[in-house]
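Please keep the structure open beside the text while you go through them.

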Amino acid sequence: MARTTNVMLCMTPCSNFVRQRTPYALWSLALLIVACSGPAAHKPPGSTAARASAPPAVVRSSPAAKAAVARDTRDANARFDAALQLMKQQQVAEAQAAFQSLANDYPEFSGPLTALGILYAQGRKRDTALASFAKAVAANPANAVAWTWLGSLYREARNHTGAEDAYRRAIAAHSDYAAAHLNLGILYDVSLHRPQDALREYREYQRLSGDRNLMVAVWIKELEASSTQRTAAAAVAADGITP
Amino acid sequence: MALKNYPQAAAVAQRALDDGKGLSPELRRYDMAVVADAHFAQGDYAQAERDYTALLNSGPGDTSETMLARDQLAAAIYRQAEQARDAGNDAAAAAHFIRVGKVAPQTAIRANADYDAAASYAALKQWASAADVLEGFRQRDPQHRLIGDVDRRLADAYQQDGKPKLAADAYMRLAQRDTGTPAQRRDAAWSAALLYDGANQPIMSQQAYERFLADASAPLDQAQQARRRLADIAGNITHDPQRQQSWLEQIVSRDRQAGNASSDRSRLLAAQASLDLGRKQAKSARQIALALPLDKTLMQRKQATEAAIARLDEAARYGFADVTTAATFELGSVYREFGRAILESTRPRTLSGEALAEYELLLEEQADPFEVKAIQAHETNLGRMRQGVWNDWIRRSAGALMELAPGRYGKNDQRDALYDSLL
């Protein structure tokens, strides 16, 4: 599933640009890396996801092409690491510039675009953030973090349909990404008033996160209680109309 | 008759009566009495009843003869009742026993007959009839040696008949009577109290519980329950807060005095009493507004708050989940309200402008630690979910946390602040 999804990456408009400015071998390698990476390559929160480093064994290229690809990927990784460092050190402007430059040079990677989206969102630049996350998911439709950010920003803008769609895509890409389940649960609970759907998502979030979030446990209990009350009320109403 | 040859005696006397000639009225009554006594002695009580009735109707005799005949008439009916009862015919037995009172109301056996009639009605589960007979007994002869048993049977009949108030009245009479052991009187008071409660007669129930507690040897659990009920009546019915406070404090102190002899029930009641005392204290604290002069009102509020906290801590320490979570929620509320009171305190009139702004900043600094303590208390409650505890107090603590720290405990989206994959 992940492989198929990622092969589609080359069909996006930006891939033409990539093909023009990067050697063919690098392009194929990028595709292969994405295609072979599977779910673990798309970092769920807190995980130390695989970095785009050595090509997998299935790559078959000439030794010269391999060397060029490796050099270029090493460069992207090094620049990404440096930008991340700036971000962690709260050097927002510098980090933003570094990610922007990286995104310009490697638009096929969703990492810099996602990081940029996060920085824009944190800087209250909602539209720019939305655009950045949209590019990120276009570059990598399996980027559950970017989808989840999109969902959250859509909900903030009261675009509940867009939010639900984005969270669902995050879950489709990574069903074990707990944050997407939590946010979708909150959307159903608070915004869409669909308690049964909210209950399902909260329960999944708790299962994935090891039942650690006690507040979510409370919300589950409350939804369960109101569900029981609704059922009882429905039974009473049904009794009332029984001849 | 002297030879106990009753058939012969009856036959001879009857012959004399049948001849009739020359018999004086006295002799006639004598023969009638012989016939009746002979039938009675042979166990033919129905015939004896007819004979004694005829004797009594035969004209005025001397008083002692009449009284004797009436007693014998009553006895003849009573014996018929006994025979019916022994044959398992309670309905007939009851009817005969009742007839004793109707035919010979002034006889000594009438009280026994009424008592036995009530027993027969009880066997038939005719509780209202049983109660009617016993009430008649009680009113006619309140000093009778059986009166204690009458009240016991009355209480039972009224209980069975769904009349708790009347049953409680009967138990209360038993509790107040000098007869019976102290334990019996105490138990009767306890039954009366419970029945008055069931009959929604709190004032009567208060008297019954107090009478129950008058016996110092009352079992601890029951005594604690009685004190609890008395506290509730004082709090909710008679609106006597001092009395309520006194009963609640007694529950706590009696449990403490019991030491190792205390029971789970007593400890639970003591925990609940501590919680109630803490809540009362918190309510008192809440009513002290931080008005000018602030140093005075602040001191009063602080003392009241500390007293509430001590009580609530005590309640929580008993370790009963429901009480502990309730006490913890109240603790959180007390801290929160104290912080809020500081923020809402009356500002000194002399302050304005920058000085006032600085003063308000100072107030916020003073209030903040109480909000932190409130959050900690509610977090403690929330943490009890890990031990499988869930109740309304934890739910309310969670609600308080959502208000106190919405950023941390609200329904906020989870957003990753970092994405460290290039892909």
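1. How much area is buried between chain A and chain B, and what share of it do carbon and sulfur atoms give? The buried area is about 3200 Å², and carbon and sulfur atoms give 63% of it; buried area here is the accessible area, found with a 1.4 Å probe, that two parts lose on being put together, summed over both.

2. This is a predicted model, in which local features need pLDDT of at least 70 and side-chain atom pairs count only at pLDDT 80 or more, while totals for chains, interfaces and linings use all residues. Residues are numbered from 1 along each chain as its sequence is written, chains are lettered from A and ligands numbered from 1 in the order in which they are written, and side-chain values use heavy atoms, with hydrogens and water left out.

3. Chain A brings 53 residues to the contact and chain B brings 23 residues, where contact means heavy atoms within 4.5 Å. Three salt bridges are counted between the two chains, a salt bridge being a side-chain nitrogen of Lys or Arg within 4 Å of a carboxyl oxygen of Asp or Glu. A:Arg155 and B:Asp413 meet through their side chains in a salt bridge, at 3.5 Å from N to O. On the side of chain A that touches chain B, the residues divide into 31 nonpolar, 13 polar and nine charged; Ala, Val, Leu, Ile, Met, Phe, Trp, Tyr, Cys and Pro count as nonpolar, Asp, Glu, Lys and Arg as charged, and the others, Gly among them, as polar.

4. Over all chains, the structure holds 43 salt bridges. Within chain A, A:Asp197 forms a salt bridge with A:Arg200, and their closest N and O atoms are 2.9 Å apart. These two residues are separated by about one helical turn, because A:Asp197 and A:Arg200 lie three residues apart in helix H11 of chain A; helices are DSSP runs (H or I, at least four residues), as strands are (E, at least two), numbered from the N terminus.
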